[in-house]
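The sequence and structure come next, followed by notes grouped by topic.

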Amino acid sequence: MSGYADVRRVRGLIEGLDRYTATPGRGTTRLTYSPEFRAARNFVAAEMTAAGLAVREDAVGNIFGRIEGRDPDLAPILVGSHLDSVPHGGRFDGPAGVVAGIESAFLFRDLCLRPERPIEVVALIEEEGSRFGGGLLGSRLLAGQLDPARLADLRDAAGVSAAQAIAAYGLDPAEARRAVLAPGSVHAFLELHIEQGPVLEAEGRDIAIVERIVGLAQLMVTVRGRAGHAGTTPMHARRDALVGAVLILAQLPDLARAVGSDAVLTVGKMEVLPGGANVIPEMVSFTVDLRAPSEAQLTRLIAMTCEVVGASSCNGLECRIEHQLYVPPTPLSGRICAILTAEAEALGLSHRIMVSGAGHDAMILAGLAPTGLVFVPSRGGISHAPEEWTDYIQLARGIDVIFATLRRMAGATVPEPAGRLQS
Ligand code: GLV
Ligand code: MN
Ligand code: MN
């Protein structure tokens, strides 16, 4: 079976990007605006330039590389994904989609294709939320779903605000509003992503076309007690924040089970302060990540979680909840789904329709423009871990579908060979 994408170039792009990790040998750790992120940004900008794209960085650090259209006034098709990672994650989550955009641009160049409509390859910031919490920050800013003034409130583990980090990165946070894309200014968004689950591998299929993304929410729970001496404070006189937090935590998995077999709940990050072995914990904060296929299930799960936390403000403990992210279940474009399916068929690729349990920039940008999302297989279904893996040939097949869809949607034509005689 022949394809378009150059597997060696795709591999070079993925491996090139993966040099930029804060944890070499222990997975990919590339937090937004970190030195590794800046180096990855420079790498992406250089590759985009090599592919013939006109590169710009927006006010918050999202990168755009443009193939000009024969009609430059038409709204562009955006194609890409995110450049940041979770701590100790894999090399494909995010970069696979950025590389799909860059490789497509190389193919347009190599095949001398000129699109009628402009195409912009995008590499987005902070999809994972690993630095500032919540997640989907770049796409939410683009889609006008996050007030840029909030950048002063979002803080990383060291207390640095997103606005301060943007300034240290060399951009002006006061300009963040300029990153917002006007409604109607984008024709469509296409994203390629690894599946991050086991289905494609188990079924031996090449790709999935995503019709819907589950709803997701993130909460930050804070339990406040009183610090004290671990040796001299009797058990009855303690207000131990960690004991309170653990009692809450122990109740949470059952809430998801009660809501339905497709609902999931995860506590993945916890901080204990002041954090001394011989100090009674004064404050514990932890994230709660909640996902469900229907909005009714998701809102019920959130309400049940809030109830459990609220009921735990007793015995001298004070419990608070901050809502960091809420994105309802998102249907993607049926029209783009049909085009992706037709192009996969034409390429002779096996495919299926899928619902995504993971969150993606696509679920936000779907609010801005019709959006399509393609998955390629993940070995063993593993993701958000150093073992995350997709064979480069499998990735190349997904890129073929993205490229063919771009070509069709952007109205690309092959230029007449110079000097050809007209009959
Ligand atoms: C992104 O990886 C998410 O689903 O949280
Ligand atoms: Mn991820
Ligand atoms: Mn991702």
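In this predicted model, the manganese ion (ligand 2) and the manganese ion (ligand 3) are 3.5 Å apart, and Asp93 coordinates both of them. Asp93 is in the loop between β3 (77-82) and α3 (95-110), while His384 is in the loop between β16 (371-376) and α11 (392-410), 291 residues apart, so the pair links distant parts of the chain.

**Manganese ion (ligand 3)**

- His82 (NE2), Asp93 (OD) and His193 (NE2) coordinate the manganese ion (ligand 3), at 2.0 to 2.2 Å.
- The spacing of the donors of the manganese ion (ligand 3) along the chain is H-x10-D-x99-H.
- His82 is in strand β3 and Asp93 is in the loop between β3 and α3, with 11 residues from one to the other.
- His82 and Asp93 are both buried.

**Second largest pocket**

- The second largest pocket holds about 260 Å³ of space.
- Its lining consists of 13 residues, and Val243, Gly244, Leu247, Asn315 and Leu317 are those that lie nearest the centre of the second largest pocket.
- Helix α7 (residues 241-259) gives the most to the lining of the second largest pocket, with four residues.
- Sorted by class, six residues in the lining of the second largest pocket are nonpolar, four are polar and three are charged.

**Cysteines**

- The model has zero disulfides, where a disulfide is taken as a pair of cysteine sulfur atoms within 2.5 Å.
- Cys112 has a relative accessible area of 47% and is therefore partly exposed.
- Cys112 is found in the loop between α3 and β4 (119-124).
- Phi of Cys112 is near 55 degrees, which is a positive value in a residue other than glycine.
- Cys337 counts as buried because its relative accessibility is 12%.

**Other backbone features**

- Leu273 and Pro274 are joined by a cis peptide bond, with omega about 5 degrees.
- Pro274 has its place in the loop between β10 (270-273) and β11 (279-280).
- Tyr33 is not a glycine, yet it has a positive phi of about 70 degrees.
- The loop that contains Tyr33 runs between α1 (7-18) and α2 (35-50).
- Tyr33 counts as buried because its relative accessibility is 8%.

**His360**

- His360 lies in the loop between β15 (351-356) and α10 (361-365).
- At 0% relative accessibility, His360 is under the 20% limit and therefore counts as buried.
- The side chains of His360 and Ser356 make a polar contact at 3.4 Å.

**Ala346**

- Ala346 has its place in helix α9 (residues 334-346).
- Ala346 counts as exposed because its relative accessibility of 65% is over the 50% limit.
- The C-alpha atoms of Ala346 and Val401 are separated by 9.2 Å, and the two residues are 55 residues apart along the chain.

Key:
Residues are numbered from 1 along each chain as its sequence is written. Chains are lettered from A and ligands numbered from 1 in the order in which they are written. This is a predicted model: local features need pLDDT of at least 70, side-chain atom pairs count only at pLDDT 80 or more; totals for chains, interfaces and linings use all residues. Side-chain values use heavy atoms; hydrogens and water are left out. Donors are N, O and S atoms within 2.8 Å of the metal (3.2 Å for Na, K and Ca); water is not among the atoms, so sites may look incomplete. Helices (H or I, at least four residues) and strands (E, at least two) are DSSP runs, numbered from the N terminus. Buried means under 20% relative accessible area, exposed over 50%, partly exposed in between (1.4 Å probe, protein chains only). On a 1 Å grid over the protein atoms alone, a cavity is a set of points where a 1.4 Å probe fits but cannot get out, and a pocket is an open set with protein on both sides within 12 Å along at least five of seven lines; lining residues have an atom within 4 Å of a point. Grid points are joined across faces, edges and corners, and a volume is the space filled by probe spheres set on the points. Ala, Val, Leu, Ile, Met, Phe, Trp, Tyr, Cys and Pro count as nonpolar, Asp, Glu, Lys and Arg as charged, and the others, Gly among them, as polar. A polar contact is a pair of N or O atoms within 3.5 Å; within protein, one must be able to donate a hydrogen and the other to accept it, and residues adjacent in sequence count only if both atoms are side-chain atoms.
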